[in-house]
Amino acid sequence: MNKKLAILPVLAILIFMLSCQKQGVQSNSSATKTIKFILYTNKDFSGVNDTINFSLTIKKKSNITVFDSALTSMRIKDIPGPANKMIFQKTVPDDGSTLIVGFNYSIKNVGYSWFLDTVAVNEKLKVIEYPFQ
């Protein structure tokens, strides 16, 4: 009789643990997209001392910002050539959205512009290569 009473709590705990397991398909929360940003210039800007500010941007097509990061201010003449490209990589969660990715930049006393591209729903890696001109 004592053995039966000792097994009863163990059975109750086992049944409780089995009943708490989730059923069905669980989403893969580790799915990601990787965006590689490459920035350089093919032109000779050695005489241009104007300041330029670049930022990297990743947005959903619905205009929700996923990632936005300003790079350090620099002189246009200091934008590296093809041999010394600036390379940045960012991995973001993949929720099945189309993404708009690229570079925004502003030149003091000149204006604001951008270089953008799209990351399709099924793309897992996108390279955004921008030879500034």
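Predicted model: local features only at pLDDT ≥ 70, side-chain atom pairs only at ≥ 80, totals over all residues.
1. The nonpolar core. The largest nonpolar core has 23 residues, and among these Ile35, Ile52, Phe54, Ile58, Phe103 and Phe132 touch the most other members. Strands E1, E2, E6 and E8 each contribute at least two residues to this core, and the largest share, five residues, is supplied by E6. As background for a student, nonpolar side chains in soluble globular proteins tend to be buried together.

2. Asparagine 104. This residue lies in strand E6, which covers residues 99-107. Is asparagine 104 buried or exposed? Its relative accessible area is 13%, and because buried means under 20%, asparagine 104 counts as buried. Not counting residues up to four places away in sequence, asparagine 104 touches Asn53, Phe54, Ser55 and Thr57, and also Tyr112, Ser113, Trp114 and Leu116.

3. Aspartate 95 and lysine 60. The structure holds five salt bridges, and one of them joins aspartate 95 to lysine 60, with the closest N and O atoms 2.6 Å apart. This pair links distant parts of the chain, since aspartate 95 sits in the loop between strand E5 and E6 while lysine 60 belongs to strand E2, 35 residues apart. Both partners are partly exposed, aspartate 95 with a relative accessible area of 47% and lysine 60 with one of 23%.

4. Glutamate 129 and lysine 85. The side chains of these two residues meet in a salt bridge with an N to O distance of 3.4 Å. Here too the pair links distant parts of the chain, with glutamate 129 in strand E8 and lysine 85 in the loop between strand E4 and E5, 44 residues apart. Glutamate 129 is partly exposed at 34% relative accessibility, and lysine 85 is likewise partly exposed, at 33%.

5. Aspartate 94 and lysine 124. A further salt bridge brings together the side chains of aspartate 94 and lysine 124, at 2.2 Å from N to O. The two residues stand 30 residues apart and link distant parts of the chain, aspartate 94 being in the loop between E5 and E6 and lysine 124 in the loop between strand E7 and E8. Aspartate 94 is buried, with a relative accessible area of 15%, whereas lysine 124 is partly exposed, with 45%.

6. A salt-bridge network. Besides the pairs described so far, Asp117, Glu123 and Lys126 are linked in a network of salt bridges.

7. Valine 48. Where is valine 48 found? The residue is placed in the loop between strand E1 and strand E2, and it counts as partly exposed at 27% relative accessibility. Leaving aside neighbours within four places in sequence, valine 48 is in contact with Ile76 and Lys77. The C-alpha atoms of valine 48 and aspartate 78 are separated by 9.0 Å, although the two residues are 30 residues apart along the chain.

Note on methods:
Residues numbered from 1 in each chain as written. Heavy atoms only, no water. Helix = DSSP H or I, 4+ residues; strand = E, 2+ residues; numbered from the N terminus. Buried < 20%, exposed > 50% of the residue type's maximum accessible area, 1.4 Å probe, protein only. Contact = heavy atoms within 4.5 Å. Salt bridge = Lys/Arg side-chain N within 4 Å of Asp/Glu carboxyl O. Core = buried A, V, L, I, M, F, W, Y, C linked by side-chain atoms within 4.5 Å.
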